[in-house]
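Please look through the protein shown below, and then read the notes that follow it.

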Amino acid sequence: MKRKIELLIPAGSMEGLKTAIHYGADAVYMGGEAFGLRANAKNFTIESMKEAVSYAHERGVKVYVTANILAHNEDLLPMRDYFMELKAVGMDAVLVADPGAFMLAREIMPEVELHISTQANNTNYETFLFWWKLGAKRVVCARELSLQEIREIREHIPEEMEIEAFVHGAMCMSYSGRCLLSSFFTGRDANQGACTHPCRWKYSLMEEKRPGEYYPVFENDRGTYIFNSKDLNMISHIPDLIEAGIDSLKIEGRMKTELYVATVTRTYKMAIRDYLEDPKKYEANIPFYEEEIRKCTYREYSTGFYYRKPIEEDQIYGNNSYSAGATYLGTVENVEGEYAFLIQKNKFSVGEEIAIMRPGERDIFTKVLSMEDAETGESLESCPHSKQPLKIRFSVLPEKQDVLRRME
């Protein structure tokens, strides 16, 4: 069976969804206003989900809706009501982790494809077969699986069953993303979508007979961020992912900017395309992919569990900050004649050379020739105020939905 490789991109908002589709997503995943694991994302109402599904389907892109909390008793009746509303949205699949949620979804939406979240701790082929026999179409691998284990799973499950795996983005320090730290420290349950990311905080040690005397937790001179894992990056290992039998390559990041979405979508899409066209072309372009993938926010990179168990080098002890190789300036909302219209995200000025991100190809560089406030018509030399609506003339005109960025 020749497998079609899907690139699955997060959509934390309608803007993010449009950006993902513009840059080559085969499918997007989104959360509603309830029962997803990114409660702090903008997320979608039932009506905006319908709009998103219509927009995606018109462009041949699939939409998956997440409902992957670990449900408590009090969640079951509201979840039943939510699924009754959700069935009218028209999405291609619903992603669940909880067996109770799975049974409710199957009862209420029997026509909707069900996918099993990484939160369900899917670490062996018998677990995959368990969900298959219950009616699941796809299972998302636990983050802790190696490529060898995934290959063994593929050998033991039906050909038509789909395997999804994370290939890029933030790594949780807890098992299969099931963390109790947030709930313990803040009362906000990560398994209910309200994680406060305490794995990124600084910690100190206090001895019981010395109250008030705090000693920083560190290893040698590297710092105090003892739970801070590196981000996952598999852009240089596309052949291994495909040959392991993975159907859907999943990117993490529903809380990230449109620049992140554009960068990772375009880079992985180009890498997959190049490899399928000619493995030698892919190998020759690896330095470009690696350089490109560092132009969005990231926390240093590793290959996670795919080749070995993570070791000391896969943690970041010195800081909890992000790196970025480019600054997000805005996404073109419309083009009229020789002018592009956008809402500015970061400051830039007349005379600057900036990059236009075009889908499926390398950046095109353009110069800012003139700029004015799109609402007042006031001529501007720069745009220091975030979210300012701009009307801009460029030496090379970008297209609608193109992301603009400045290299750092």
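The model is a predicted one, and its secondary structure comes to 10 helices and 19 strands. Of the 408 residues of the protein, 52% count as buried. Among the contacts with a separation of 6 or more, 69% are accounted for by residues 24 or more positions apart.

**Nonpolar cores**

- The largest nonpolar core has 90 residues, and the ones with the most contacts inside this core are Phe83, Leu86, Met91 and Ile238.
- Helix H9, which covers residues 258-277, gives the most to this core, with 8 residues.
- Apart from this core lies another one, which has 15 residues and includes Val332, Ile354, Leu380 and Cys383.
- If residues up to four places away in sequence are not counted, Leu86 touches Ile46, Met49, Val65, Met91, Val94 and Met109.

**Helices H3 and H4**

- Helix H3 (residues 73-86) and helix H4 (residues 99-108) have axes that come within 10 Å and cross at roughly 35°, and the crossing is right-handed.
- On the side of H3 the residues that meet the other helix are Leu76, Met79, Arg80, Phe83 and Met84, while on the side of H4 they are Ala101, Leu104, Ala105, Glu107 and Ile108.
- The residues of this contact divide into 8 nonpolar, no polar and 2 charged.

**Strand S13 and its partners**

- Strand S13 (residues 326-336) is joined to strand S19 (residues 403-407) by 5 bridges, and these two strands run antiparallel; within this pairing, the bridge partner of Thr331 is Val403 in S19.
- S13 is also joined to strand S14 (residues 339-343), again in an antiparallel arrangement, by 4 bridges, and here Val332 stands opposite Leu342 in S14.
- Val332 also belongs to the core of 15 residues.
- The hairpin of S13 and S14 has 2 residues between the strands, and in this hairpin Gly337 takes a positive phi near 60°.
- In a regular strand the side chains alternate between the two faces of the sheet.

**Strand S15 and its partners**

- Strand S15 (residues 353-357) is largely enclosed by the rest of the structure, because 4 of its 5 residues are buried.
- S15 pairs with strand S16 (residues 364-373) in the antiparallel sense over 4 bridges, and Ile356 stands opposite Ile364 in S16.
- Between the strands of the hairpin of S15 and S16 there are 6 residues, and Gly360 takes a positive phi near 75° in this hairpin.
- S15 also pairs with S19 in the antiparallel sense, over 3 bridges, and the bridge partner of Ala355 in S19 is Arg405.

- Lys250 is found in strand S11, which covers residues 248-251, and Lys250 counts as buried because its relative accessibility is 4%, which is under the 20% cut-off.
- Lys250 touches Leu8, Tyr29, Leu95, Glu164, Ala165, Phe166, Val167 and His168, when residues up to four places away in sequence are not counted.
- Lys2 is found in the segment before strand S1 (6-10), and with 81% relative accessibility Lys2 counts as exposed.
- Although Lys2 and Glu159 are 157 residues apart along the chain, their C-alpha atoms are separated by 9.8 Å.
- Lys387 lies in the loop between strand S17 (379-380) and strand S18 (389-394), and Lys387 counts as exposed at 61% relative accessibility.

- Phi of Lys387 is near 70°, which is a positive value in a residue other than glycine.
- Asn121 likewise has a positive phi, near 65°, and is a residue other than glycine.
- Asn121 lies in the loop between strand S5 (113-116) and helix H5 (125-134), and at 22% relative accessibility Asn121 counts as partly exposed.

Definitions and conventions: Residues are numbered from 1 along each chain as its sequence is written. This is a predicted model: local features need pLDDT of at least 70, side-chain atom pairs count only at pLDDT 80 or more; totals for chains, interfaces and linings use all residues. Side-chain values use heavy atoms; hydrogens and water are left out. A nonpolar core is a set of buried Ala, Val, Leu, Ile, Met, Phe, Trp, Tyr and Cys residues joined through side-chain atoms within 4.5 Å. Buried means under 20% relative accessible area, exposed over 50%, partly exposed in between (1.4 Å probe, protein chains only). Contact means heavy atoms within 4.5 Å. Two strands pair if DSSP finds at least two bridges between them. Axes are lines fitted to C-alpha atoms, for helices over the stretch in contact, and angles run from 0 to 180 degrees between N-to-C directions. A crossing is left-handed if the near helix is turned anticlockwise from the far one by less than a right angle, and right-handed if clockwise. Ala, Val, Leu, Ile, Met, Phe, Trp, Tyr, Cys and Pro count as nonpolar, Asp, Glu, Lys and Arg as charged, and the others, Gly among them, as polar.
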